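Okay, thanks for coming, everyone.

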Amino acid sequence: MTDKLLIIDGMALLFRHFYATSFRNQFMRNSEGIPTNAIQGFVRHVYTAMNDIQPTHVAICWDMGQATFRNDMFNAYKQHRPEPPEELIPQFDDVKEIAAELGFLNLGVKNYEADDVIGTLVKQFSEEMPVYVVTGDRDILQCLNENTEIWLTKKGFSTYNRYTESQFEKEYGLHPEQLIDVKAFMGDSADGYPGVKGIGEKTAIKLVQQHGSVEEVVAHLDELTPAQQKKIQADYDNLILFKQLARIYTEVPLETDNLKEQMAYQAELSHILSVCNEKELYVSAKYLVTHYK
């Protein structure tokens, strides 16, 4: 069997499935009263993705606290986000424990985001085997290469916007790495940095298509409209900073000596169901009996 690596953005799936059920107050509490709704959806989603991809290796990547090196660069980075709901908080630790009992490798490094860990894994392993990333975060698209696919969650457990390098280039008219330059111009409200005031996604894409990078746009400032020149000049110092914030760091210090061996995964349905039942994830167990092969 050809090696394939599946990388899961753990927090993206956990939040996704918490909100998919919590708006109806479907918290699926266990016998101790602790909510399990996010974990139930997470487990179902992971194994549905494994059905689709049939990986030989799996890594689940996690954020390790809110503050990272980007906060040293820009204090407001992601600081506007509200505290997680009370019912979700206990599921953060529980999901990692359950993932480990299911045999998955959890990866997270303090001072870095899960995106940085994902990008580091893509860079390290995509030369030796196909890599698939399941996430809800479009920022990861900058990591696309000829041996990597990124599956952006769209609907349910199995509908995605699937991107290859060629698909991205066809859709945006850009190389994936140029997404960093686009984000520098347009900003990212979810991450808390505004970009250049008055420049949105369409203009940002057009500028990068025409000139290639933030630096080249600035070098050819006199070729832009007077309004664009004024906007960029007003935010120039921030523009360079925002490009640094937008770039996924792909040199996260991971323990790499036997990382590939640690990511190797063989799933036995009997073991999966045993863990699910022990942890009172009965909805997940029922789903996997009929859907996981």
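This is a predicted model: local features need pLDDT of at least 70, side-chain atom pairs count only at pLDDT 80 or more; totals for chains, interfaces and linings use all residues.

**A walk through the fold**

Let's start with a pair of helices: α7 and α8 cross in a right-handed way. Who makes the touch? On the α7 side you've got Asp181, Val182, Phe185 and Met186, and on the α8 side Glu201, Ala204, Ile205, Leu207 and Val208. Sorted by class, that contact has seven nonpolar residues, two charged ones and no polar ones. If you want to find them on screen, α7 is residues 179-186 and α8 is residues 201-211; their axes come within 9 Å and cross at roughly 135°. So α7 counts as oblique to α8.

In what order do the strands run? There are six of them in an open sheet, going β3-β2-β1-β4-β5-β6, with mixed pairing. At the edges are β3, residues 105-107, and β6, residues 159-163; each has a single partner strand, so one side of each has no neighbour in the sheet. From one strand to the next, the twist averages 25°.

For example, Lys155 has Thr159 in β6 as its bridge partner, and Ile150 is bridged to Tyr163 of β6. The two strands form a hairpin with three residues between them, and Gly156, in the turn, has a positive phi of about 60°.

Now, what packs on the sheet?

Take α1, residues 10-22: α1 and α2 pack at about 120°, with axes 7 Å apart. That makes α1 oblique to α2, and the crossing is right-handed. From α1, the residues in the contact are Gly10, Leu13, Leu14, Arg16, His17, Phe18, Thr21 and Ser22, and they meet Asn37, Ala38, Ile39, Gly41, Phe42, His45 and Val46 of α2. By class, you get seven nonpolar, seven polar and one charged.

Then there's α4, residues 89-101, which packs with α2 at about 35°, axes 9 Å apart. This crossing is right-handed. Here Asn37, Ala38, Ile39 and Phe42 of α2 touch Gln91, Asp94, Val95 and Ile98 of α4. The class count is five nonpolar, two polar and one charged.

Last topic: aromatic rings. How many aromatic pairs does a search of the whole structure find? It comes to 18. One of them is Tyr112 with Tyr249: ring centres 5.6 Å apart and planes at 15°, so that pair is stacked. It also links distant parts of the chain, with Tyr112 in the loop between β3 and α5, and Tyr249 in the loop between α11 and α12, 137 residues apart.

That's my tour, so over to you.

Note on methods: Residues are numbered from 1 along each chain as its sequence is written. Side-chain values use heavy atoms; hydrogens and water are left out. Axes are lines fitted to C-alpha atoms, for helices over the stretch in contact, and angles run from 0 to 180 degrees between N-to-C directions. Helices (H or I, at least four residues) and strands (E, at least two) are DSSP runs, numbered from the N terminus. Angles under 35 degrees count as roughly parallel, over 145 as roughly antiparallel, 65 to 115 as roughly perpendicular and the rest as oblique. A crossing is left-handed if the near helix is turned anticlockwise from the far one by less than a right angle, and right-handed if clockwise. Contact means heavy atoms within 4.5 Å. Ala, Val, Leu, Ile, Met, Phe, Trp, Tyr, Cys and Pro count as nonpolar, Asp, Glu, Lys and Arg as charged, and the others, Gly among them, as polar. Two strands pair if DSSP finds at least two bridges between them. Rings of Phe, Tyr and Trp (its six-membered ring) pair if their centres lie within 6.5 Å; planes under 30 degrees apart count as stacked, over 60 as edge-to-face and the rest as tilted.
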